Amino acid sequence: MRTRLSYCKAHGIRLSGPALGRPKKGETRDKAQDYRDECERVEVERRFSLAKRKCGMGLVTAKLRETAAHVIAMSVLVLNLRKIQRALLRILTYLLEILAQNKNWALVQ
């Protein structure tokens with residue numbers, strides 16, 4: 001654990017959560033920063049949960065490390081494609097609504 005802490009300190013990685021050991025007197029935690037860290041962590045965990053449920057990342061049973069890495073990469077690719085697909089469908093429905101409104105205006109005139 002201490003090696004990980006020293007690694008993070010050496011590379012300038014800020015850790016969220018309470019420090020190891022007894023808290024020092026007069027030490028206060030930045031609650032706003034803790035809240036932002038928690039929000040970011042929840043977002044990442046939500047993405048992993050979605051990948052496990054919808055894209056099969058929870059079914060990875062590859063034995064070799066390289067194969068498992070490829071399967072996980074493909075799951076992430078599928079997640080990104082789903083996101084792009086949703087964005088394109090939103091744009092398409094928006095354009096179709098505009099087109100339908102324009103046709104209705106032409107019929108009314």
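Which residues make up the largest nonpolar core? Select Leu50, Ala51, Cys55, Met57 and Leu79, 5 residues in all. A nonpolar core is a set of buried Ala, Val, Leu, Ile, Met, Phe, Trp, Tyr and Cys residues joined through side-chain atoms within 4.5 Å. Buried means under 20% relative accessible area, exposed over 50%, partly exposed in between (1.4 Å probe, protein chains only).

This is a predicted model: local features need pLDDT of at least 70, side-chain atom pairs count only at pLDDT 80 or more, and totals for chains, interfaces and linings use all residues. Residues are numbered from 1 along each chain as its sequence is written, and side-chain values use heavy atoms, without hydrogens and water.

Stay on Met57. Leaving out residues up to four places away in sequence, Met57 touches Phe48, Ala51, Lys52, Ile72, Ser75 and Val76 (contact: heavy atoms within 4.5 Å).

Next, helix H2, residues 31-54 (helices are DSSP runs of H or I, at least four residues, numbered from the N terminus). Select Glu38 and Arg41: their side chains form a salt bridge, 2.7 Å from N to O. A salt bridge is a side-chain nitrogen of Lys or Arg within 4 Å of a carboxyl oxygen of Asp or Glu. The two sit about one helical turn apart because 3 residues separate them in H2.

Move to Glu43. Its salt bridge with Arg46 has closest N and O atoms 2.8 Å apart; for Arg47 the value is 3.5 Å. Shared partners join Glu43, Arg46 and Arg47 into one salt-bridge network.

Finish on helix H3, residues 65-108, at Ile84. Ile84 counts as partly exposed because its relative accessibility is 47%.
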